[in-house]
Amino acid sequence: MRAHRSRLLIAFAVTFLLALLAGVPGAPRAQATGEEPPRAALEDARKASTELVNGVRGELLKAIEVSGPLRALVVCKYTVPEIASAVSRKYGARVTRVSLTPRNPSLGWGDAWEQRVMMSFDERVARGEKPDAMEHYEVVAEPSGRFLRYMRVLPMVPVCMACHGPRETISESIRSQLAHDYPHDKAVNVPVGKVRGAVTYKKPL
Ligand code: HEC
């Protein structure tokens, strides 16, 4: 019994130390609470992510079919943020797309939590897990309250190639438009089957 209790104490001390070590001094940060989110909240996160993904895919495919990939760039630049804000308003959440290698540095970088989750997605895919429908969620505590955080992988699939594939296979017109609009573009040369980015959803509980 006593051995059991001291093991528990050690486990507690180690967890506490790790939590301390993980903390950035001076920067308030999200603490995982270890809580399971309410079912309905998690279902909303999944639904909102699906709405964003389907909305983007629909607009993208329509634009590519009707006017070609060059015109579809406009969808990614202007229509996607509109879809993301509409979904965000509908769910009372922040819903958007992020990446470890963003094209648009003003919208595309994730915060520290999102970057860690995307690194874990990369590792899971490298270990052979399928990226389709790969997700991660946590309830986190922040200075302004408790939040449900949810992310789902956006895998690199063939339709993304026209704008995120190997540089030499991207058409000249798209390449020059991308160079003009995104001089700091990091979102090319992504192999099919890898993680292009993720949908991220954050809502106060
Ligand atoms: C017609 C060209 C085009 C196609 C096709 C395309 N994208 Fe993009 N993508 C863009 C552009 C342009 C941006 C930057 C949008 C902006 O200004 O915020 C972008 C941004 C993104 C972002 C946001 C993070 C970042 O890099 O800035 C993700 C995630 C993303 N694309 C994933 C995909 C996936 C997955 C596919 C395939 C299903 C795809 N894209 C297909 C052009 C495209």
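Visitor: In which helix does Ser49 lie?

Guide: Ser49 belongs to helix H2, which covers residues 39–67; helices (H or I, at least four residues) and strands (E, at least two) are DSSP runs, numbered from the N terminus. This is a predicted model, in which local features need pLDDT of at least 70 and side-chain atom pairs count only at pLDDT 80 or more, while totals for chains, interfaces and linings use all residues. Residues are numbered from 1 along each chain as its sequence is written, and side-chain values use heavy atoms, with hydrogens and water left out.

Visitor: Why does Ser49 count as buried?

Guide: Buried means under 20% relative accessible area, exposed over 50%, and partly exposed in between, with a 1.4 Å probe and protein chains only. Ser49 counts as buried because its relative accessibility is 0%. Of the 205 residues of the protein, 35% count as buried.

Visitor: Which residues is Ser49 in contact with, leaving aside its neighbours within four places in sequence?

Guide: Contact means heavy atoms within 4.5 Å, and with those neighbours set aside, Ser49 touches Tyr150, Arg152 and Val199. Across the protein, among contacts between residues at least 6 apart in sequence, 69% join residues at least 24 apart.

Visitor: What is the only protein donor of the iron atom of the ligand?

Guide: Donors are N, O and S atoms within 2.8 Å of the metal (3.2 Å for Na, K and Ca), and water is not among the atoms, so sites may look incomplete. Here the only protein donor of the iron is His164, through NE2 at 2.1 Å, and His164 sits in helix H5, residues 161–164.
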